[in-house]
Amino acid sequence: MNIYLIAIAVLPVIILAIAVYRQDKYEKEPIGKLIKAFIFGALSILPAALLESFLVMFTPNIPVVSGVYTGYVVAGASEELCKLLLLTLAIWRSKEFDEYLDGIVYSCFVALGFACFENLSYVFGQASFTDAMVTGSVRAVLSVPGHFLFGVMMGYYFALAKFDPERRGKYFLLAFVVPMLLHGTFDSLLMIPESMEMGSETVAVVLFIVLIWFDIKMWKWGTRRVNHLQDLTKQQNCDRAHPFKGFKWDF
């Protein structure tokens with residue numbers, strides 16, 4: 001029984017990890033560094049949980065508002081901040097972080113480490129095997145890909161911060177703000193119905209449809225950013241292979 005629960009919690013993480021690893025077409029990152037990023041991502045859930053337990057004490061007792069607060073502040077801000085901090089500690093100064101796309105690869109491994117630990121806690125925290133399988137199935141389709149996509153967005157701006165020193169502060173801020181807003185929107189669409197006393201069933205159905213649309217949009221946004229960094233990485237490798245390309249000798 002536990003094997004099935006572990007599989008449903010971990011398999012979507014493995015699939016997405018392989019998918020992002022395969023996107024790194026020019027210089028594959030060392031497995032050891034990826035494992036380190038994954039472990040740091042799993043560790044980031046600890047400070048995030050402490051921060052969430054503090055912020056939840058200030059949740060307003062107002063329908064809808066409490067759902068938005070929980071989505072954006074308690075979950076979105078806490079988790080994305082801690083993931084960004086652990087991502088920075090894990091690879092910012094690493095010599096292996098030498099291509100634009102590396103930012104997305106490492107960020108996604110941090111995000112998947114977080115998602116894996118969180119998934120296991122949710123699945124094994126259910127009262128019955130059936131509840132655990134249902135929870136794992138839903139999270140495999142929504143929550144784990146959600147964390148993955150937040151990681152794509154964080155890694156995109158994280159890479160721009162690395163290779164554009166003049167605008168480093170701006171991109172570092174965006175590496176937190178953009179995934180936080182996406183995470184907050186994602187969670188709020190699920191939490192608003194829970195904060196309502198009447199009519200929550202109808203609202204839940206409507207917001208779930210909106211969530212599916214939002215999830216599809218995130219995949220499109222994420223794909224465009226991966227493609228953009230792949231183009232920049234290709235240019236980096238061309239510049240390294242032909243360091244004098246475009247140079248004119250002046251005699």
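1. D164 and R167 form a salt bridge, with their closest N and O atoms 2.8 Å apart. A salt bridge here is a side-chain nitrogen of Lys or Arg within 4 Å of a carboxyl oxygen of Asp or Glu. D164 is buried, at 16% relative accessible area. R167 is partly exposed, at 44%. (Buried means under 20% relative accessible area, exposed over 50%, partly exposed in between, with a 1.4 Å probe and protein chains only.)

2. A word on the source: this is a predicted model, where local features need pLDDT of at least 70, side-chain atom pairs count only at pLDDT 80 or more, and totals for chains, interfaces and linings use all residues. Residues are numbered from 1 along each chain as its sequence is written, and side-chain values use heavy atoms, leaving out hydrogens and water.

3. By the salt-bridge rule, the count is three. Another of them joins K83 to E80, with the closest N and O atoms 2.9 Å apart. Both residues sit in helix 4 (residues 65-91), three residues apart, about one turn of the helix. Helices are DSSP runs of H or I, at least four residues, numbered from the N terminus. K83 is buried at 2% relative accessibility, and E80 is buried at 1%.

4. R139 and E118 also meet in a salt bridge, 2.8 Å from N to O. R139 belongs to helix 6 (residues 129-141) and E118 to helix 5 (residues 100-124), so the pair ties together parts 21 residues apart in sequence. Both R139 and E118 are buried.

5. Now the helix 2 residue L43. L43 lies in helix 2. L43 is partly exposed, at 43% relative accessibility.

Key:
Helix = DSSP H or I, 4+ residues; strand = E, 2+ residues; numbered from the N terminus.
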